[in-house]
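Welcome, and thanks for opening the viewer. Let's take a walk through this protein together, one selection at a time.

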Amino acid sequence: MNRLQQYAELIIQFGVNIQEGEPLAIRSTTDAKDFARALTEAAYAKGASEVNVLWTDEKVKRLQFEKAADEVFTRLPKYEQAFFDEAVESGASLISISAEDPDLLAGIDPNKIGTYSKVRMKALRNFYDKMMNDELVWCVASMPTPAWAKKMFPDLSEEEALEALWDAIYKTVRVDTKDPVGAWVEHDKNLERRKQVLNDLRFDKLIYKNSLGTNLEVKLADNHLWCGGSTYSAGGVKFFANMPTEEVFTMPDRNGTNGILYSALPLSYQGNVIDKFWFEFEAGKIVDFGAEVGQDVLKEMIDFDEGARYLGEVALVDYDSPISNMNTLFFNTLFDENASCHFAIGRAYPTTMTGGTELSQEDLVKAGANDSMTHVDFMVGTEDLSIIGITADGKEIEVFKDGNLVL
């Protein structure tokens, strides 16, 4: 068995944990066709009833934004909405292959990109609601594509860059080990222990500081729940939503963030790179911001809707962790967020609040959760990051020292 087959089987077995007789939906770029085919073969071998793939093509997408009539960006194609509606109705598991060229839409009007993104998110709101509630089984994974590989390794030939990125990805998902399955079982146990420690402490707030200038106080939702690693769908199927994954994460109180926060890594967002950016928060809301690269894209990102100016996720990742120690910038949030502590603006996961999946969106907001049509992770962890946890009775406990968890 080659490494691609081994990787595909790992995603099918651990990522979505496909069940006998269940359908699978895959979202893939045409550049990732070999991986999509390997996943399809592995899924059928595990007993999937059918596998359907929604294909996109990056060159076609770029041409559409350059040439198509403006009216095209005011609606989502019916076939795309039908694909996700069918996945929900049939109880399909979903694999999204995240392998976009980080500069795919560089130079395109951010307002046009933003308008289409809002249309798409609104049309697919039912699907995303069920995904964020873990009513569906889903997994985000990746494979190298030429443009992405050359972005990461510009001094290498395309063939060499692709090989280098393959090696990096295999390492992040532990396919480079003698026993990838055993490595994932042990990794999941370690994340479970970390979650348990944090849930037992019941912090009221976290205070972040580092040499970039971050000085931030983040209140956590009263009934917050630390999650990470494997989780269970509403139907009781154990799965990993992201592969790789190194984080534990929870819900901030929508109105409880104050101070200034600096990014630690570039952010690839909707085919553009944003770098060296910062946010200032007051009572939870971003009231000022800036970026050395991608200022207009950053503005579009936080103006997506009202909730895009508030935090929806707090995530902890050691600076001394497997992906971080690779010293490789992926320009892809799936990997970069697992090399750094991070936050997300936008919608909070209901699963990060005790009983959250049983609440209406209105009641979630009343309980402190943020609501939005977007959810964008960005990286803030550094080797000198300090995080102090404050308990409800005012006790201060060191959580992170020199970039790493010390609990």
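Is Ser28 buried or exposed? Select Ser28 and look around: with a relative accessibility of 1%, Ser28 counts as buried. Keep in mind as you go that this is a predicted model.

**Stop 1: around Ser28**

Ser28 belongs to strand β1, which covers residues 24–29. Now show what surrounds Ser28. Leaving out residues up to four places away in sequence, Ser28 touches Lys33, Ala36, Val53, Leu54, Trp55, Thr56 and Ile97.

**Stop 2: the whole protein**

Zoom out and switch to a cartoon view. You can trace twelve helices and 19 strands in the protein. The radius of gyration is 20 Å, close to the 22 Å that the globule rule gives for 407 residues, so the protein is as compact as a globular protein of that length. Along the principal axes, the C-alpha trace spans about 55 × 50 × 50 Å.

Of the 407 residues, 54% are buried. The accessible surface comes to about 17100 Å², and 47% of this surface belongs to carbon and sulfur atoms. Contacts reach along the chain too: among those between residues at least 6 apart in sequence, 74% join residues at least 24 apart.

**Stop 3**

Side chains of opposite charge can pair when their charged atoms come close. How many salt bridges does the count come to? The answer is 25 salt bridges.

Select Arg347 and Asp129 to see one of them: their side chains meet in a salt bridge, with 2.4 Å from N to O. Arg347 sits in the loop between β15 (342–346) and α12 (361–366), while Asp129 is in helix α6 (residues 125–132), so this pair ties together parts that are 218 residues apart in sequence. Arg347 is buried, at 4% relative accessible area, whereas Asp129 is partly exposed at 22%.

**Stop 4: two pairs to view side by side**

Select Asp188 and Lys238. The side chains of Asp188 and Lys238 form a salt bridge, 3.4 Å from N to O. This pair links distant parts of the chain, since Asp188 is in helix α9 (residues 180–201) and Lys238 is in strand β8 (residues 238–240), 50 residues apart. Asp188 counts as buried, with 9% relative accessibility, and Lys238 counts as partly exposed, with 34%.

Then pick Arg193 and Glu186. Here the salt bridge has its closest N and O atoms 3.8 Å apart. Arg193 is partly exposed, at 47% relative accessibility, and Glu186 is also partly exposed, at 38%.

**Stop 5: looking at cysteines**

A disulfide is a covalent bond between the sulfur atoms of two cysteines. How many disulfides does a search of the whole structure find? The search finds zero.

Select Cys139 and Cys227 to see why. The closest cysteine sulfur to that of Cys139 is in Cys227, and at 16 Å it is too far for a bond. Cys227 is in no disulfide either: its nearest cysteine sulfur, in Cys341, is 16 Å away. Cys139 is buried, with a relative accessible area of 1%, and Cys227 also counts as buried, at 13%.

**Stop 6: a loop with Asp320**

Go to Asp320, in the loop between β14 (311–316) and α11 (333–336). Apart from neighbours within four places in sequence, Asp320 is in contact with Asn325 and Asn404. Show side chains to find the polar contact between Asp320 and Asn325, at 2.8 Å. Then select Ala339: Asp320 and Ala339 are 19 residues apart in sequence, and their C-alpha atoms are 8.5 Å apart in space.

**Stop 7: backbone details**

Which peptide bond is cis, with omega near 15°? Select Met243 and Pro244, and look at the bond from Met243 to Pro244. Pro244 is in the loop between β8 and β9 (248–250).

Next, select Arg174, in the loop between α8 (158–172) and α9. The phi of Arg174 is near 65°, a positive value in a residue other than glycine. Arg174 counts as buried, at 13% relative accessibility.

End your tour at Gln270, in the loop between β11 (267–269) and β12 (272–282). Gln270 has a positive phi as well, near 50°, and counts as partly exposed, at 22% relative accessibility.

Methods. Residues numbered from 1 in each chain as written. Predicted model: local features only at pLDDT ≥ 70, side-chain atom pairs only at ≥ 80, totals over all residues. Heavy atoms only, no water. Disulfide = S-S within 2.5 Å. Buried < 20%, exposed > 50% of the residue type's maximum accessible area, 1.4 Å probe, protein only. Helix = DSSP H or I, 4+ residues; strand = E, 2+ residues; numbered from the N terminus. Contact = heavy atoms within 4.5 Å. Polar contact = N/O pair within 3.5 Å; in protein donor to acceptor, adjacent residues only side chain to side chain. Rg over C-alpha atoms; globule rule 2.2 N^0.38 Å. Areas by Shrake-Rupley, 256 points an atom, 1.4 Å probe, with all protein chains shown as cover. Salt bridge = Lys/Arg side-chain N within 4 Å of Asp/Glu carboxyl O.
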